[in-house]
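We will go from stop to stop, picking a few residues each time.

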Amino acid sequence: MTKWVAGTALAASLAMTAAVAVAQQAAPPGAAPTLQQQYDAATELDQGKDPAASLAAWTALAGRAKSGGRTWAIAMVRKGAAQFRLGQVDEAAATIRAGLAALPAGDPTLAVDRSDAFMKLGGIATNALDYADASAQYAKAEAASPDDIGRVAAMVAAARVQIFTDPVQAKATLDRVDALATRVKLGKIDQAMLSQVALRLAMNTGRLEDANRMAPKVVSLLGGMTLDRVDLRDVAARSDAAIAALLTHHEDSAREYMAYTGAGRSTKGEFRPASVINPPDCGGEADLKPEDVAVIQFSVGDDGSVFGIEPVYSSGGGTKALAFARSVQDWVWSPEELKELPPFFRYNVRLEMRCSTAYTRPSVLSTINDSFVRWLDQKGVAGQADTRQVGGEALTRQRAELAAAEAKGQTPAILAISAAMLRNPTLGSDERAALLARAEPLAERSDMPATARLVFAIPAREGRIREWRSAGRYAAAIGPMLSEKPYVDDPEARAALRVLIADRSGENEMAPYLQQVADDAALEPHNTLRVGALIRLASIAKRKGDLALARQTFEKSGLTASQCAMLDAMPKPVAMPGASAFPQEAQRWGFEGWVRNQYDIGADGRVSNTRTIVSYPPFIFSQAAEKTFAAIRYQKTFRPDGGVGCGASLNNIVFRMPR
């Protein structure tokens, strides 16, 4: 079960008011209630505060109604809504989709049901960080809505995710909202939510001065800078304002905004670093660079798990923002350490993040795509697979190009354009499924190499399961391909599949897949996938404390590195900075926080190349932490080449005010 955090006030404004046509006769005394009576009772429960009772009522009604009929469809959509309110989002998605499939499309009395259902599917996709599907579902909600307020709600929700899939489309969506807003009277909270989306769009498209000018309006609409009756909307708006101010070098304004968020200022308990905190490795499918920085927001539950994750800002674009956000999904906090911390201080937590250079990973999908492009080169159509063409305008062109290629029966061109569309983040799930249903059989009938066919085979299998990021479900969907032709007979194809499964598996399950790749004699010794598997295996061995195995495994990769994280135990520190390391600005505003830093330790014990990879609150302690780590001195170590003694070391520093 995935947890869910409620969306904007606009999204919440959609009401469940559609009528249902069922038998009208009253039941005799003592007789079972009629369908109409059950419907009325369930509808009344929807207005209350007991979603479990609503779920039971709609489940009972769906069980009595004719499967696939109008009444059944309505009951299923509303049952899914009750599951959604209970946080059962996986179950809700399946129930709502089943109901929508049978809901009469031309019945105007069901418009609110239909629009609300699409809004919930959009919210579920947003929560799963599937922003392309979220955008598509919100567009359906807008089209289905019978009134302007519903359309505005859908458009604001869509623009919020389009910032990270297609900023041009996000701007167009906000322009349409502005046009509608002339005839829809929005309250201050709704105006603030709309303005906040525009501010985030400006931040993420490099219009930083514009964002900084917008920020005071958002804060003011929510009541201004006050500590009375502060809610999570206030915290988010003030934090956005602080980020915009910092990015435009208005440090004093930024720290004032941050002080009024309450971040790092709890008087009871502490928000300490997570027990499991693994920022993404540089490289990978998003091609993360060491200089890329993002701000990610999430909440931490009572059990220490993370939910409600969303990117707020990224210097490297939407694909990288979502890569940072997804890396947080597996972080864990100690429930014991959270007990004393008021829940408010672990909701809408924001972190500054960068990628780790410790084990820069080759991209598995790049290996697959390279094989595909080589095949297209042989067919003379490689240029049509340009995956750099992204966004709504590019998708429109790609649709036209695909239609033309299909009309002429040009299989290589069809596959080239289809692959480019699959990599376009604005492609929604329904269109993706239809595209794969046509492209995958074409690829199977072609003379394409096995590794190249994975361009279509992998997303086709992924599309058959919801929430495929679940490790068990992913292995169950992709694993059978390892025994299927042509993949079982192709060393590179089976290696790619195993590494992909490993990357989406738990620590105990991933090692066997990686070891099979490392031991595959049919692969070249320095094959990219084999090197990637060895790096991952070395990392696992290090985390388990087996430094000898980590060293041995890493050396097999053939990479030259002096990382003590792989090769040796960390040298001991011999000199640490004192209380002077605490930045004066943070003390003045009463901030506390922590930083996870990465740095190199020279053979002479001196520290260099310090860089923040995680910081809470964002941008407050980053510079102070880097100065602190640069001042630490470690024991000297011997290196024959006189080089780095311990590269890419990781450590935390906690900044705490005197108690």
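## A buried ring to begin with

Select phenylalanine 456: at 0% relative accessibility it counts as buried, a term that means under 20% relative accessible area, with exposed being over 50% and partly exposed in between (1.4 Å probe, protein chains only). Before going on, note that this is a predicted model, in which local features need pLDDT of at least 70 and side-chain atom pairs count only at pLDDT 80 or more, while totals for chains, interfaces and linings use all residues. Residues are numbered from 1 along each chain as its sequence is written, and side-chain values use heavy atoms, with hydrogens and water left out.

## Aromatic pairs

How many aromatic pairs does the structure hold? There are nine. Rings of Phe, Tyr and Trp (its six-membered ring) pair if their centres lie within 6.5 Å; planes under 30 degrees apart are stacked, over 60 edge-to-face, and the rest tilted.

Helices (H or I, at least four residues) and strands (E, at least two) are DSSP runs, numbered from the N terminus. Phenylalanine 372 is also at 0% relative accessibility and counts as buried.

Next, pick Phe271, Phe298, Trp331, Trp333, Trp594 and Tyr616, which ring pairs link into a cluster. Within this selection, the rings of tryptophan 331 and tryptophan 333 have centres 6.4 Å apart and planes at 45°, so they form a tilted pair. Both tryptophan 331 and tryptophan 333 are buried.

For a ring with a charge, show arginine 504 and tyrosine 474. The charged end of arginine 504 sits over the ring of tyrosine 474, 4.9 Å from its centre; the rule asks for NZ of Lys or CZ of Arg within 6 Å of the ring centre and within 35 degrees of the ring normal.

## The disulfide

Which residues does a disulfide join? Select cysteine 282 and cysteine 355, joined with S to S at 2.0 Å; the criterion is a pair of cysteine sulfur atoms within 2.5 Å. With 80° about the S-S bond, this link is right-handed. Cysteine 282 is in strand E1 (residues 281–283), and cysteine 355, 73 residues apart from it, is in the loop between strand E4 (349–353) and strand E5 (356–361). Cysteine 282 and cysteine 355 are both buried.

## Helix H8

Now colour helix H8 (residues 148–162). At 1.5 Å a residue, its 15 residues should span 21 Å, and the end C-alpha atoms are 20 Å apart, which agrees; the expected span is 1.5 Å times one less than the number of residues. H8 is mostly covered, with 13 of its 15 residues buried.

## Backbone stops

To finish, turn to the backbone. Most residues other than glycine have a negative phi, and most peptide bonds are trans.

- Lysine 485 and proline 486: a cis peptide bond joins them, with omega about 5°.
- Tyrosine 616 and proline 617: this peptide bond is cis too, with omega near -15°.
- Leucine 129: phi is near 60°, a positive value in a residue other than glycine. Leucine 129 lies in the loop between helix H6 (111–127) and helix H7 (131–144).
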